[in-house]
Amino acid sequence: MTQSFKKLRGLTGMHDVLPDQSAQWEQLEEIVRDWLASYGYRNMRTPILEHTQLFARGIGEVTDIVEKEMYSFTDSLNGDKLTMRPEFTAGIVRSAIEHNLLYERPQRIYSIGPVFRHERPQRGRYRQFHQIDVEALGFPGPDVDAEMIVMLDRLWQRLGLTDVRLEINSLGQSHERAAHREALIAYLEQHQDILDDDAKRRMYTNPLRVLDTKNPDLQEMADAAPRLFEFLGEESLAHYEGVCQRLDAMDIEYTLNPRMVRGLDYYNLTVFEWITDRLGAQGTVCGGGRYDGLFELLGGKSTPGIGFAIGMERLLELVQQQDILPNTAECDIYMVYQNDAGQQQAMVLAEQLRDAGLRVVVHAGPKSMRAQFRRADNSGALAAIILGQSELETQQASVKWLRAPALNDEQPQQEQVDFAQCVQFLKSRIGD
Ligand code: HAM
C-alpha cells in the first residue's frame with residue numbers, strides 16, 4: 001500500500017517568488033544596483049542571524065520591533081540567543097566596527113535581502129520581506145543627508161513613479177530629546193484620563209511613540225502635544241536647514257512632519273519617509289535617517305552615519321502598477337527537432353549560440369512536433385530553430401520567427417540558414 005502524505009504549505013506572511021515574478025525582481029534589482037553604483041555605493045552582505053542583543057541594544061528595547069516582532073530563539077546546540085534580522089542597519093554597523101571598515105575612509109554601502117518581522121500580515125506587510133538597505137558611514141552631513149534624498153528622488157524618476165511624496169523631520173540630539181521628553185511626559189500626565197492602555201504603558205518608556213498612536217480618540221491630544229522640533233537648539237536647526245537648502249536647490253519637494261518618529265530608537269537629527277497613496281494602508285515605500293550614536297551604542301568609536309531602506313515588495317507593487325517591467329521570456333531561441341540525430345545537432349548549435357550571448361532552450365520532453373512548437377511559443381522565444389530530417393541532410397537550419405521585432409511583414413516567417421552561418425544570422429536579426 002502506498003502511503004499518502006498531507007500537502008505542506010508555506011508560512012503565513014512569507015511568500016514564494018515564482019519565476020515570472022522573479023524575472024521582475026531581477027530587473028528591478030538590476031536597475032537599483034546600477035543606480036547605487038552611480039552614486040559610489042558598494043555592496044556588502046551580513047548574516048541573517050545575529051545575537052539578539054545586537055537588535056535589542058541597537059533598535060531599542062521598547063520598540064515594537066524588539067518587544068514583539070522579532071523571530072528569536074535559543075540555539076539548542078550552545079545556548080546562544082539568536083535573532084533573524086528585522087532590519088540591516090544594526091548588523092552593518094556591527095560588521096563595520098568588527099572589521100574596522102572605516103579605518104581609512106568613510107564608506108558608502110548597500111545590501112539587498114530578506115528581513116523578518118512577526119507582524120500581522122496584510123497587503124504590503126509581510127513577515128518575511130525584502131529591503132534595499134543603503135548606509136553612508138562616517139559622514140556627518142548635512143550634505144550626505146540631502147544627497148541620499150536626492151538620489152531616492154532620482155530613482156523614483158528612473159522608475160516613472162510620480163506620486164511618492166517626501167516627509168522629513170529632525171529628531172535633534174539626545175539632550176534636546178531629553179528636555180522634550182520631560183515636557184511630553186508632563187503633558188501626557190495631564191491627559192492621563194483619556195490615554196488608552198498602550199499609551200499609558202509607553203508614557204514613561206517611550207513617550208514619543210504615544211504621539212504616533214493610531215487611536216482616533218487620541219489624535220487631538222497628540223496634535224496639541226509639545227513638539228520635539230520646538231526644543232531643537234541652534235546646531236540641530238542649522239543641520240536641518242542645511243538639508244532643506246540643498247533640497248530646495250535641487251527642486252525636491254518635501255513637507256516637515258514634526259510628528260514623524262520612526263519605529264527604531266537609534267535616530268537623531270534628519271529622519272525621512274517616502275509615502276504613496278497607491279498601496280493602501282501600508283504606503284511607506286522608504287524610511288531612513290541619521291544615527292550618529294549607533295556606533296558607540298554597539299561598542300565602536302563615535303562615528304556618524306545615515307541610511308535608509310526601501311521595501312522591495314512595496315516598490316515592486318508600485319512599479320507593476322506602471323507596467324514598465326516587461327515579463328522576461330524564458331529564452332531568445334527555442335530549438336525543435338525531429339529525432340535523436342536532430343537533438344544532438346541542436347545541442348551543438350545551442351552551445352554556439354549561447355557563446356554568442358543568446359539565451360537558448362533545447363526542447364526536452366514529449367517528442368511530437370506539435371508539442372514542441374507549443375512549448376516554443378509558450379517560452380516567449382523570438383524564434384524557433386527547427387532541425388528536421390531534411391535540415392540535417394542539407395545542413396541548413398529552418399529559422400521560424402515567432403514574435404516581433406524579428407517577426408514582421410517585411411520578412412518571410414521562415415528562413416533557411418546554413419548551420420555555419422546560424423550564429424551570425426541570428427545575432428544580426430535579434431541583436432543584443
Ligand atoms: P523601516 O522603516 O523599519 O526602517 O523599514 C524600511 C521599509 O521597509 C519601510 O519603509 C517599508 O517599505 C518596508 N517594510 C517595513 N516593514 C515591512 C513589512 N512588514 N512588510 C513589507 N515591507 C516592510 C528600517 O528598517 C531602517 N533599518 C532603515 C534605515 C537604514 N535607517 C537607517 N538606515
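Reply: Start at Pro-142, which sits in the loop between strand 6 (128-137) and helix 5. Helices and strands here are DSSP runs, numbered from the N terminus: helices are H or I with at least four residues, strands are E with at least two. The model is predicted, so local features need pLDDT of at least 70 and side-chain atom pairs count only at pLDDT 80 or more, while totals for chains, interfaces and linings use all residues. Residues are numbered from 1 along each chain as its sequence is written, and side-chain values use heavy atoms, with hydrogens and water left out.

Most peptide bonds are trans, and most residues other than glycine have a negative phi.

Now follow the chain into helix 5. Helix 5 covers residues 143-158, and its axis comes within 8 Å of the axis of helix 10 (residues 234-249). The two axes cross at roughly 40°. Axes are lines fitted to C-alpha atoms, for helices over the stretch in contact, and angles run from 0 to 180 degrees between N-to-C directions. Helix 5 and helix 10 are therefore oblique to each other. The scale runs like this: under 35 degrees is roughly parallel, over 145 roughly antiparallel, 65 to 115 roughly perpendicular, and the rest oblique. The crossing of helix 5 and helix 10 is right-handed.

Contact means heavy atoms within 4.5 Å. By class, this contact of helix 5 with helix 10 has five nonpolar, one polar and three charged residues. Nonpolar covers Ala, Val, Leu, Ile, Met, Phe, Trp, Tyr, Cys and Pro; charged covers Asp, Glu, Lys and Arg; the others, Gly among them, are polar. An α-helix has 3.6 residues a turn, so residues three or four places apart point the same way.

Helix 5 has another partner. Helix 1 (residues 19-37) packs with helix 5 at an angle of about 145°, with the axes 11 Å apart. Helix 1 also passes helix 5 in a right-handed crossing. Ile-31, Asp-34, Trp-35 and Leu-36 in helix 1 meet Met-151, Leu-152, Leu-155 and Arg-158 in helix 5. This contact of helix 1 with helix 5 has six nonpolar, no polar and two charged residues.

Next, two backbone details. Asn-100 has a phi near 50°, which is positive although the residue is not glycine. Asn-100 lies in the loop between helix 4 and strand 5 (107-116). Its relative accessibility is 46%, so Asn-100 counts as partly exposed. The cut-offs are: buried under 20% relative accessible area, exposed over 50%, partly exposed in between (1.4 Å probe, protein chains only). Leu-269, also not glycine, has a positive phi near 45°. Leu-269 is in strand 9 (residues 268-276). At 5% relative accessibility, Leu-269 is buried.

Helix 2 (residues 52-59) is largely enclosed by the rest of the structure, because six of its eight residues are buried. Those six are Thr-52, Leu-54, Phe-55, Ala-56, Gly-58 and Ile-59. Their cover includes helix 3 (64-69), strand 3 (71-74) and helix 4 (89-98). After helix 2 comes Gly-60, with a positive phi near 115°.

Finish further along the chain. Helix 13 (residues 340-355) and helix 16 (residues 422-430) have axes within 10 Å that cross at roughly 50°. That makes helix 13 oblique to helix 16. Leu-349, Gln-352 and Leu-353 in helix 13 meet Cys-422, Val-423 and Leu-426 in helix 16.

A disulfide needs a pair of cysteine sulfur atoms within 2.5 Å. The whole structure has zero disulfides. Both cysteines are buried: Cys-331 at 1% relative accessibility, and Cys-422 at 0% relative accessible area.

Definitions and conventions: A crossing is left-handed if the near helix is turned anticlockwise from the far one by less than a right angle, and right-handed if clockwise.
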